[in-house]
Amino acid sequence: MRILVLLFLGLALQPSAPAASRATAKAPANQPALSDAQIDAAIKTKLAKSKIGQDGFKFRVQGGIVYWDGSTDVIQHKGAATRMARTAGARSVVNNIKISEAGRRGADRSAERRR
């Protein structure tokens, strides 16, 4: 028990990491914002190389915000679209991609097998 308390105190007394190393989701303040056209082009390039490009998702960029629409049978593709937009330079993402009923059932079956 003493060892756990000492370890906890040792960790609690260490200085925390600088804010820049903790905030990985946001671009550095000194990095210029990309234009909507640049973000659009980057997403189109990424979609052409990605499996989620086959889902036929539609997107638009307005004011640095990417808006996704469409549907998919693969639940992971929704999250991949959000990550794709962020890595393309979007400052925010509105993901309106719907997961089909078949996709939801498949995810449920997969979760059941892992239990």
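Helices (H or I, at least four residues) and strands (E, at least two) are DSSP runs, numbered from the N terminus. In this predicted model, local features need pLDDT of at least 70 and side-chain atom pairs count only at pLDDT 80 or more, while totals for chains, interfaces and linings use all residues. Residues are numbered from 1 along each chain as its sequence is written, and side-chain values use heavy atoms, with hydrogens and water left out.

The protein contains 5 helices and 3 strands, and from the N terminus on the order of the elements is α-α-α-β-β-α-β-α. Of its 115 residues, 21% are buried (under 20% relative accessible area, with a 1.4 Å probe and protein chains only). The accessible surface, from the Shrake-Rupley method with a 1.4 Å probe, comes to about 8700 Å², and 57% of this belongs to carbon and sulfur atoms. Among contacts (heavy atoms within 4.5 Å) between residues at least 6 apart in sequence, 59% join residues at least 24 apart.

Two packed helices are described by the angle between their axes and the distance between the axes. Helix H3 (residues 36-49) packs against helix H4 (residues 75-87) at an angle of about 135°, and their axes are 9 Å apart. The axes are lines fitted to C-alpha atoms over the stretch in contact, and angles run from 0 to 180 degrees between N-to-C directions. H3 and H4 are therefore oblique to each other; angles under 35 degrees count as roughly parallel, over 145 as roughly antiparallel, 65 to 115 as roughly perpendicular and the rest as oblique. In this pair, Ile43, Lys46 and Leu47 of H3 meet Met84, Ala85 and Thr87 of H4.

Conventions:
Buried means under 20% relative accessible area, exposed over 50%, partly exposed in between (1.4 Å probe, protein chains only).
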